[in-house]
Amino acid sequence: MAKLFAVTIIVIAIASAIPIVMHIWPMPQDISTHGHLIDEQYSDTMWEAGISFLASQFLLGFFIWKFSDPEPGTKIKNFPGGAAGLVIAAFLLVGTECLALGVFGVKAWASVYFTPPAADAMPIQVQAGQFAFYFRYPGPDGTFGPLHADQISQANANFFGLDTTHDQDSKDDIVTAEMAIPVNREIHLLMHAEDVGHSFYVPELRVQQDFVPGLDLSIHFTATKIGKYEIVCTQLCGLGHYNMKAYLEVMSQEDYDKWIKQQAALQ
Amino acid sequence: MHDTAHAVHGAPTSFIRKHVFSLDHKVIGKQYYALALLAALVGMFLSWLMRIHLGWGSFAIPGLHLLSKSGAPGDVMTPEYYLQLMTMHGTIMVFFVLTTAPFAAFGNFFLPIQVGAEDMPFPHFNMMSFWVTFVGFLVLVTSFFVGDGPTLGGWTQYAPLSAIGSVGGPGEGLGVILWASSIAIFCIGQLLGSLNFITTTLDMRTKGMSLMRLPLSAWAWFITSIMGLTAFAVLMPACILLILDHVAGTSFFVPSNSVINDQVLPHSGGSTLLWQHLFWFFGHPEVYIAIVPGMGIVSHVLITNMRKPMLSHRVLIYSMGALAVLSYMVYGHHMFVSGMNPVSSLAFSFPTLVITIPSTIVVLMWLGSLYGAKLRINAASLFALGFISMFISGGVSGFFLAQPSIDIMLHATYFVVGHFHLVMGVAAMFGIFAGTYFWFPKMVGRMMNETLGKVHFWMSFVGAYCIFMPFHYLGIAGNVRRYQAFTDDYLIPLIPVHKFITIAALFTGFAQLIFLYNLIHSRFWGAIPPNDNPWEGTSLEWSTATPPPHNNFGDKMPVVYHDPYQYSVEGASSDHVMQTSPEQLKSGNDEK
C-alpha cells in the first residue's frame, strides 16, 4: 500500500501541474500597459512555487516508497547533514526566493499604486451600489459637480445625487450605466461607494480595487486593446452580488468621441 | 512544575457530573470532539447543498424547503439563501470544527496526560469553556430558524454590510446579531480554554518533565493556546462593537452618507476598514490556530510510526513558535486591495513571504525525518502523510497571495478558496483524522477498523485533490468567489469545472460518512486494544491505563526520565523506551 500511495502522490502532483503547463484555463488576456509586470511576476512565482511543489511532493512520495514497511532488522538512518543543513538550505533558498519575489514584486505594485496618474489622464467617476455600477464623465467643463447623498434617487435616475439646478459643475456631467474609454489613453478612475463595500475587477485590465464606503479612492490604467470586457464586483455586497456587473468598452478615439456625444444628448 | 500526586477534584458519582457537566478534562475533550463532529456534519451538508447549486443551479434538492420556505421555494435555492448557507458553512467550519477539534478536543484530552498532570488547573473554567462554546454553536444554528434566516455576509462579515441591519439584505439584521453573539460567546470559551492550556503546560508538569521533554503535540497546543488568548481577545470586542452598531445606534463600522434604497442611513463617522483590521488581526492567527495543532499531532503520529524521532525536536518547536509570532504581522495580506495604504501592503507582504521560511523548515523536518525511517503504514500514518502533502500543496499557493501585485488578479477568486481550503481546511482535517485513528484506542478503549480507515483515507485524499486543485485553475481564470451562479460571459466556459468539483465533493463527503460509521461502530463494537500501548509509543498517554482513570495515572504520578521520542535507540532494551522508563540510555535521542 505504501508504494501505491507514493505513486499516487507523484501522479497527483504531475496531474495538478498539467493544466498550468498546458494553459488549459489561462489567465485572461492582458489589455493594459502595466499588466505585463503583474504577469511576469505571476510567471516567476509560478516557476518557483511549481518547482517547490513538485520537488516536495516527489520527495515525499520517494521517501514513502523507500522507507516504509522495511525488512525486519533494518536499522534507521539519519538524514545526511542533519537538521542544520536543512535549516540553512531553507533560509538560503526560500529566503532568497522571498527576497527576490518581494523586491521584484514592488515594481509591479508601484506601477499601479505609487505612480500618480498623468496630468492629462481622463477622469471618470464610478459609483458602486447594490447591485450596479454607474459612471460619470465630467462633461466639457472637465469638472465633476458635488455629490449629495440625500438627493440620490433611483426613481429619478439621479444615481449620483447630483443637484443640476444649483451646482454649475454638475450641469454638464454625463452619467452612464456602461463605461466606455478610448484606447491607449490613461484613465483616472475615481471610486465612490454608495452603500456597502464593492469592488471593481476587470481581469483583462489587471485591475482590482475595493470600493470603501466613506473613503473615496482612485486608480489609473491605460487599456491597449479595443473590445468589450466585463467589470465585475468581487466584494460580497448582498444577495445580488453575483449579478453585479457592467461592461467596459474600449474604443478608438473617434468612436469614443461619437459615443460620449450620444450620451451627452441622452442626459 | 508539581511533583506530588493529589486529586484536583474527586471522581464524580452522578451521571450528570460524570457525563454532562463534567470537570474531567478527558470528558470535556470528548465533548468538544462530539461538538466538532456534529458541526462538521452540518458544515459538510451545507457544502453539499452549495456545490449542488453551483453545479446545477436549477436542480430542486428534495426537502430543501423544509430548511427554509423562503430560501428554497420549490426546493430550489435562492441567491440569498446560497450566500446564507455559504456564510454558515465557513463560520461553522472555521470556528466549531477547525478550532474545536484539533485544539480544544484533542488538547483537552491529551495535554494534561502528556505533561503528567491529573487535570487542568481550573477545571470549572474548563467545563465552562465547553458549555459556553456549545451555547455559541446553538446561537449560531438558531439563526437558521428565526427572522429571515442566517446572515449572508460571509464568514468575514465585512462592514458596513454587516453593520447596517436588515436594509442590507436577508439575515443582515437579526442574523448578524446572532452571528456576532455566537462568535463572541465562542471567544469566551476559547479564552477560558487557552488560559487552562497555558497554565497546564507551565505549572502542571510532572517530575522530570522539562519543557523540552514535552511531546510535539503538547508544544503545538501550548503555542496555539497563546495565539488563542491574544487573537480571540481581539475578535470578541470587535463582535461586541458590531452588535452595538445594530442595537445601540453606534457607528463603529458605518461611515456617514451611506445610502440604501434612496435613504441616507442614520450612521456617521464610522470606519469600514476598522472591522477588517480587527477581524484579520484575529483571522490570520486563526489560520495557525487551526493548523499548528495539526502539525503537532501529525509529528507525534509520524514519529511513532517512523520509529525514529524528528530530525530536530527543537527546530520544529522553534518553527511553530515563529509561525505563531509572524502570524500577527501578516494579516494585512488579506487587505491588499481593500483601500488600505498601498505602502502598508508592501509592509505586510514581506513578513507574509518570510513566514514561508518556518513553514518550509517544518516540511523539510518532516521529509528529512522520513529519510531512513522504518515507516509503518496504517490509517493514522496515512492521514499524517496526507497532511504533509496537503500542507505543501496549500502552502505553495501562498507565494502568490503574499504578493500584492499578483493579488490584484487573484484576490477574491477561487484561487484563494483553493489555497485556504487545502492549507487550513483539508490539512487540518487530515490532522484530526490522524489524531482520531491514533488516539481512539486510548480515548475509548476500542480500536477503530483499519480497513475502513484506509478506505476513508484513499477516498478523502484523491477526492480532496479533485475538489481543491481545480479551484486554483478557476481562480487563475478570474473566477470570482461567493457567486451563487456564473452569469458573466467569461465565467460561463468554467461551469463544467464546477460540475466536476461538485461530483468530487459528493464523493469525498460520502467518504466522511464511512468515517462516521467507523467511529460509531468502533466506539461500541471495536476490537479491544491488545494492551495500553497498541502503537508502541513512548509518551505519557501510553504509560497509563486504557482508557485512563479519573485522575489519569491512578495512585502514582509518573516520573519522566527521557525526552519524548526514544525510538530505535542503540543498545536499548527495545525499539522504544517510554518516557517513564528508568532505563539508562547510553546514546538516547535527547536534545543536546
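Here is a friendly conversation about a predicted two-chain model, chain A and chain B.

Visitor: What should I keep in mind about this model and its numbering?
Guide: The model is predicted, and local features need pLDDT of at least 70, side-chain atom pairs count only at pLDDT 80 or more, while totals for chains, interfaces and linings use all residues. Residues are numbered from 1 along each chain as its sequence is written, and chains are lettered from A and ligands numbered from 1 in the order in which they are written.

Visitor: Why are helix 12 and helix 15 of chain B called roughly antiparallel?
Guide: The axes of helix 12 (residues 379-396) and helix 15 (residues 414-444) of chain B cross at roughly 165° and come within 8 Å. Angles run from 0 to 180 degrees between N-to-C directions, with axes fitted as lines to C-alpha atoms, for helices over the stretch in contact. Under 35 degrees counts as roughly parallel, over 145 as roughly antiparallel, 65 to 115 as roughly perpendicular, and the rest as oblique. That makes helix 12 of chain B roughly antiparallel to helix 15 of chain B. The helices themselves are DSSP runs (H or I, at least four residues), strands are runs of E with at least two, and both are numbered from the N terminus.

Visitor: What makes two residues count as a contact, and which residues join these two helices?
Guide: Their C-beta atoms, placed from the backbone, must lie within 7 Å. On helix 12 of chain B the contact includes B:F383, B:F387 and B:M390, and on helix 15 of chain B it includes B:V426, B:F430 and B:Y437. By class, this contact has 16 nonpolar, 6 polar and no charged residues. Here Ala, Val, Leu, Ile, Met, Phe, Trp, Tyr, Cys and Pro count as nonpolar, Asp, Glu, Lys and Arg as charged, and the others, Gly among them, as polar.

Visitor: Is the crossing of helix 12 of chain B with helix 15 of chain B left-handed or right-handed?
Guide: Left-handed. The term applies if the near helix is turned anticlockwise from the far one by less than a right angle; clockwise gives right-handed.

Visitor: What is the arrangement of helix 3 of chain A and helix 10 of chain B?
Guide: Helix 3 (residues 82-113) of chain A and helix 10 (residues 342-354) of chain B have axes that come within 10 Å and cross at roughly 160°. Helix 3 of chain A and helix 10 of chain B are therefore roughly antiparallel, and helix 3 of chain A passes helix 10 of chain B in a right-handed crossing. Among the residues that meet are A:L101, A:V106 and A:W109 from helix 3 of chain A and B:L346, B:F350 and B:L353 from helix 10 of chain B. Sorted by class, the contact has 10 nonpolar, 3 polar and no charged residues.

Visitor: How many residues of chain B are in contact with chain A?
Guide: 90 residues of chain B are in contact with 89 residues of chain A. The largest share of the chain B side, 10 residues, comes from helix 11 (residues 356-370) of chain B. That side divides into 54 nonpolar, 28 polar and 8 charged residues.

Visitor: What makes strand 3 and strand 8 of chain A edge strands?
Guide: Two strands pair if DSSP finds at least two bridges between them. The open sheet has 5 strands in the order 3-2-1-5-8 (chain A), with mixed pairing. Strand 3 (174-176) and strand 8 (217-222) of chain A each pair on one side only.

Visitor: How do you know that strand 5 pairs with strand 8 in chain A?
Guide: 6 bridges join strand 5 (residues 186-193) of chain A to strand 8 of chain A, and the two run antiparallel.

Visitor: Where do the domain bounds of chain A come from, and what are they?
Guide: They come from an automatic or database domain assignment. Chain A is divided into domain 1 (2-68 + 83-113) and domain 2 (122-266). Their centres, taken over C-alpha atoms, are separated by 38 Å, and 9 residues of domain 1 of chain A are in contact with 10 residues of domain 2 of chain A.
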